[in-house]
Amino acid sequence: MRCCFSAHLPALAALSAFPGPCEVLRSGARLAPALLRSASAAVQRARSHPDDLSAVNLELVTLTEDRAVITWYTGIPGTNDGLGHPLPAITEGEVVYGTHPSRLNRTASEGRPTAYHQVELTDLEPGQTYYYQARSRGVAATPTPLHLVRGNAVGTSTFGFGHSGGPYSFTTPQPPPGRHLLSVALCNDLHLGETTAGLVGGLPLLRGVVQQPGRAPYPELMSRALVEEARRRGADVLLAGGDISAGGAAQDLGEARRILDGFGAHGQDYFVVRGNHDRSRNDDNANANAFQATFQTAFPGGGDGSGFFAHDLGGLRIIGLDTYAKTGNGADAGGLGPDQLAWFQERLRKQPDQPTLVFGHHPLTVRDSVFPVTRGQCLERRQARAIVDAYAQAPGVFLHHAGHTHRNKRTVLTRAPHVTQQEVAAAKDYPGGFTLLRIHSGGYALNHYKADAPAARQWNERSRRVAAGLWPHHALGRSVADRNSVTAHDLSGIAAHSTVR
């Protein structure tokens, strides 16, 4: 089965679809032939001092009311790991920060030297603007460039841009209103069984990235790291929104079940729905049924084997949708089928005010994508419209979580503005993690976390080279708000998780 984008990204060759001619030319340099990259590296190597260090790919990944998680990479200038990336330089990392750009009087550092830096700032004040600089061995880290999407990887303002290494700035949000009730980890696109990340339509320069020899298969190590990190961040429940496997094989689904069981009990602590990769790879109905049965064997759900379900968790209604309940090769638009759609609409009609979280693999719409958007990236148009119409009449629905696009993106539709449409990046590769939903009685927060295990950090950095290095423009989220947000919503009808137990 092809990757979610494999049927669509050949259109990348039409670089005129990208915003702005100057931006296209700059990004085109990333697609330069390997020979030119090698020649450039040779020139750099001749000019580099052995003690030189590059600190790059600075990103403000997580921003809550009282903490921030900042990542970057240190490499050896003039070296090449075979993918046009400098070899890792293991060294210390620290972030200096403060409430004034000329007084960075606080320091947060790591416990051990590494090339894959991840520093967490804690005890921040809500609603406060902070200025910061990340550095290793005295070298200031520079941001991940997101010029194709006119994005900002390092802050909530453009302060510090135009100055090498910043300082950059962010403003912490206010916490969600009310008392904390429970936390839910949202993840998708684990792709157990996949061996090459980012295979894109056979284009020679977009050939994908493989794991280094001798290391664990990346879908397995990333999924295990996700489970560990979700627990560490206080998740009470985990929702896995489809593409659990790379091709629906029983062995891969079984391994996914064993990994997710590390979080808790299926159907109680975590819930799973199918994606297009978990279904049939051709148009044969019998084969489609076989794939459905294989998934149901690993993750029985929906009582009648339907693949969609509703579950009440202390007043929080969780609805899981099978967004590829059809035959096909997975590259076309998602579809619920008439029975599932009617069931879903009836559920919302009967209890429109109950606090409700919906999750399924395909998003309802795809907007602001750096890559050309085709119908295979979201749900079939008429069904998506019917779901949004149902949301408009159901004020209790507050969140629709989807995967499939392998990116972080927050969208609010004018027809149902009380429902946040949150696409979550793939768990299997860069930026590699999950989104934590923190539910309070008066609202909720969505915060993206990268998996923090050392092997996961290493693979995250390696896999950012997907799509000839353009992947961060698409996957990270064009702004901090695409991966971190706070929304007011009356959720007082939900019981605290401790009382549900």
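This is a short walk through one predicted protein model.

Residues are numbered from 1 along each chain as its sequence is written, and side-chain values use heavy atoms, with hydrogens and water left out. Because the model is predicted, local features need pLDDT of at least 70 and side-chain atom pairs count only at pLDDT 80 or more, while totals for chains, interfaces and linings use all residues.

Start with confidence. pLDDT is the predictor's confidence in each residue, from 0 to 100. Its mean over the protein chain is 87, and 84% of the residues reach 70 or more. Over residues 6-48 the pLDDT is below 50. Beyond near neighbours in sequence, that stretch has 57 contacts in the model (contact means heavy atoms within 4.5 Å). Residues 282-286 also have pLDDT below 50, with 8 such contacts.

Next, take helix α8, residues 381-392. Helices (H or I, at least four residues) and strands (E, at least two) are DSSP runs, numbered from the N terminus. The expected span of a helix is 1.5 Å times one less than its number of residues. The 12 residues of α8 should therefore span 16 Å, and the end C-alpha atoms are 17 Å apart, which agrees. Buried residues of α8 include Ala384, Ile387 and Tyr391 (buried means under 20% relative accessible area, exposed over 50%, partly exposed in between, with a 1.4 Å probe and protein chains only). The buried residues of α8 pack against α7 (338-350), β16 (356-359), β17 (397-402) and β19 (420-423).

Now move to leucine 238. It sits in strand β12, residues 237-241. Its relative accessibility is 0%, so leucine 238 counts as buried. Alanine 185 is 53 residues away along the chain, yet the two C-alpha atoms are separated by 4.6 Å. Leaving aside neighbours within four places in sequence, leucine 238 is in contact with several residues, among them Ala185, Cys187, Leu260 and Phe271.

The loops hold some backbone details. A cis peptide bond joins glycine 166 and proline 167, with omega about 15 degrees. Proline 167 lies in the loop between β7 (139-140) and β8 (168-171). Another cis peptide bond joins tyrosine 430 and proline 431, where omega is about -5 degrees. Proline 431 lies in the loop between β19 and β20 (433-440).

Aspartate 189 is not a glycine, but its phi is positive, near 55 degrees. This residue is in the loop between β9 (180-187) and β10 (196-197). Aspartate 189 counts as buried because its relative accessibility is 0%. Alanine 468 also has a positive phi, about 55 degrees. It lies between α9 (454-463) and α10 (471-475), and is buried at a relative accessible area of 17%.
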